[in-house]
Amino acid sequence: MTSLQGHIEATYFELCEIFGEPTYLEPSGDGKINTEWEFNGYNWYGEETPITIYDWKDYDGGVASRSGEVYNWHIGGTEGCAVEIVNAKVEYYRKKS
C-alpha cells in the first residue's frame, strides 16, 4: 500500500510512453481513482520500493486525467524517493523527445 509522496505534471500520453499502459483504467470501488500505474523502483539502497501514479477525486471516470492536457498526477510510495524516481524518468523522456 502506498501513500501520497508528491505530484507530477504530465499528460496521460507522456506517462503511457514512459510507464506503459496503466495498471488500472476502471474506477476504484470508491470512485476516487480512475487511472493508476503500479510498479517498483529502487531506493537509494538498491532495494525495490512500490510506486503508484494516479488521478485523485475527479469522479469523472478518467475524463480529465486522460484528456491529453497536462494533469497534476499524484505520486504514491512508501518512501519519498518515489517522487525522485518518477521525476527522473519523466525528465529523461522529455530530454529525449
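Figure 1. Apart from neighbours within four places in sequence, Thr 52 is in contact with Thr 2, Glu 36, Trp 37, Glu 38, His 74, Ile 75 and Gly 76, where contact means heavy atoms within 4.5 Å. The structure is a predicted model, in which local features need pLDDT of at least 70 and side-chain atom pairs count only at pLDDT 80 or more, while totals for chains, interfaces and linings use all residues. Residues are numbered from 1 along each chain as its sequence is written, and side-chain values use heavy atoms, with hydrogens and water left out. Thr 52 lies in strand β3; helices (H or I, at least four residues) and strands (E, at least two) are DSSP runs, numbered from the N terminus. With a relative accessible area of 5%, Thr 52 is buried (buried means under 20% relative accessible area, exposed over 50%, and partly exposed in between, with a 1.4 Å probe and protein chains only). The side chains of Thr 52 and Thr 2 are joined by a polar contact of 2.9 Å. A polar contact is a pair of N or O atoms within 3.5 Å; within protein, one must be able to donate a hydrogen and the other to accept it, and residues adjacent in sequence count only if both atoms are side-chain atoms.

Figure 2. Strands β2 and β3 run antiparallel and are joined by seven bridges; two strands pair if DSSP finds at least two bridges between them. Trp 37 stands opposite Ile 53 in β3. Five residues lie between the strands of this hairpin, in which Gly 46 takes a positive phi near 80 degrees.

**Figure 3. The largest nonpolar core.** The largest nonpolar core has 19 residues, and those with the most contacts inside it are Leu 15, Phe 19, Trp 37, Ile 53, Trp 73 and Val 86. Such a core is a set of buried Ala, Val, Leu, Ile, Met, Phe, Trp, Tyr and Cys residues joined through side-chain atoms within 4.5 Å. At least two residues of this core come from each of β1, α1, β2, β3, β4 and α2, and the largest share, six residues, comes from α2. Beyond residues up to four places away in sequence, Phe 19 touches Trp 37, Phe 39, Ile 53, Val 86, Lys 89 and Val 90.

**Figure 4. Helix α2 and its covering elements.** The buried residues of α2 are Cys 81, Ala 82, Val 83, Ile 85, Val 86 and Val 90. Their cover includes β1 (3–10), α1, β2, β3 (48–54) and β4 (71–77). Cys 81 counts as buried because its relative accessibility is 2%. A search of the whole structure finds zero disulfides, a disulfide being a pair of cysteine sulfur atoms within 2.5 Å.

Figure 5. Asn 34 lies in the loop between α1 (12–19) and β2 (36–42) and counts as buried, because its relative accessibility is 2%. Among the residues that Asn 34 touches, not counting those up to four places away in sequence, are Tyr 24, Asp 55, Tyr 59, Gly 61 and Arg 66. Tyr 59 is found in the loop between β3 and β4 and has a positive phi of about 50 degrees although it is not a glycine. Lys 57 is also placed in the loop between β3 and β4, and its phi is positive, near 55 degrees. Most residues other than glycine have a negative phi. At 41% relative accessibility, Lys 57 counts as partly exposed.
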